[in-house]
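Subject: Structure handover

Hi,

Here is the structure for you to look at. My notes follow below it.

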Amino acid sequence: MKHFFEHFWRFLEKKCTSDTDSPEERRRKVTLVVITGLCTIASVIWGTLYYAIFGPIITTFITYGFTVVFGIALPIYFKTKRFTFLLYVFFFMIFWNPIAMQWSLGGFAASGALMLWSILAPFSSLMFQDVKKATRWFIAYLIFLFISLYFDAYVSQWASPVSNKISMLFFGMNLIGPSII
């Protein structure tokens, strides 16, 4: 298994880095592509799950929109090797998309606290940028957390009734997913 991951990492290095990149730049670029890929896979799973449970609702389209954006952004990145481009697309999408999905599902309880995925923006900023920029992302996260808490009673009127099993599935996915990534 270790051999597979080493081979895969070397393959990604060839696809996402330039010959002039330092070892640190190579690590950062491959790591960003891996994280972006994992989040894209998660969005396909989430979108399919939402579609299976709720049908074609706005949340399904928001979720698949995330997939489409990265389906466009990753090939552009592979062609241009512009790290900053992919980084900011990732930050914007991983920050805003879970918040929009949570609101569209009807708030914290109905979505299983889906906006927890948004914490990946400040955490990733710590990996790829500096503390000052990560602090800005974290402050933005806290602001939207407070906004979401304030308006939760309002957006909860949009919530579709779900069983306790589905509710726990949502909470589990939204705790486990960002933790793994």
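Helices H2 and H8 run roughly antiparallel to each other, because their axes cross at roughly 170 degrees and angles over 145 count as roughly antiparallel. Bear in mind that this is a predicted model.

The H2 and H8 pair: H2 covers residues 23-54 and H8 covers residues 164-180. Their axes come within 13 Å. On the H2 side, the contact is made by Trp46, Leu49, Tyr50, Ile53 and Phe54. H8 brings Ile166, Leu169, Phe170, Met173 and Asn174. By class, that gives nine nonpolar residues, one polar and no charged ones.

The core: the largest nonpolar core has 45 residues. Cys39, Tyr50, Phe70, Leu86, Phe90 and Ile94 have the most contacts inside it. Tyr50 also takes part in the contact between H2 and H8. At least two core residues each come from H1 (2-16), H2, H3 (58-80), H4 (83-105), H6 (120-128), H7 (131-155) and H8. H4 gives the most, with 13 residues.

Ile94: leaving aside residues up to four places away in sequence, Ile94 touches Cys39, Phe66, Trp117, Ser118, Leu120 and Ala121. Cys39 is, like Ile94, among the residues with the most contacts inside the core.

Thr59: this residue lies in helix H3. Is Thr59 buried or exposed? Its relative accessibility is 0%, so Thr59 counts as buried; the cut-off is under 20%.

Best wishes

Technical notes
Residues numbered from 1 in each chain as written. Predicted model: local features only at pLDDT ≥ 70, side-chain atom pairs only at ≥ 80, totals over all residues. Heavy atoms only, no water. Axes fitted to C-alpha atoms, helices over the stretch in contact; angles between N-to-C directions. Helix = DSSP H or I, 4+ residues; strand = E, 2+ residues; numbered from the N terminus. Parallel < 35°, antiparallel > 145°, perpendicular 65-115°, else oblique. Contact = heavy atoms within 4.5 Å. Nonpolar A, V, L, I, M, F, W, Y, C, P; charged D, E, K, R; others polar. Core = buried A, V, L, I, M, F, W, Y, C linked by side-chain atoms within 4.5 Å. Buried < 20%, exposed > 50% of the residue type's maximum accessible area, 1.4 Å probe, protein only.
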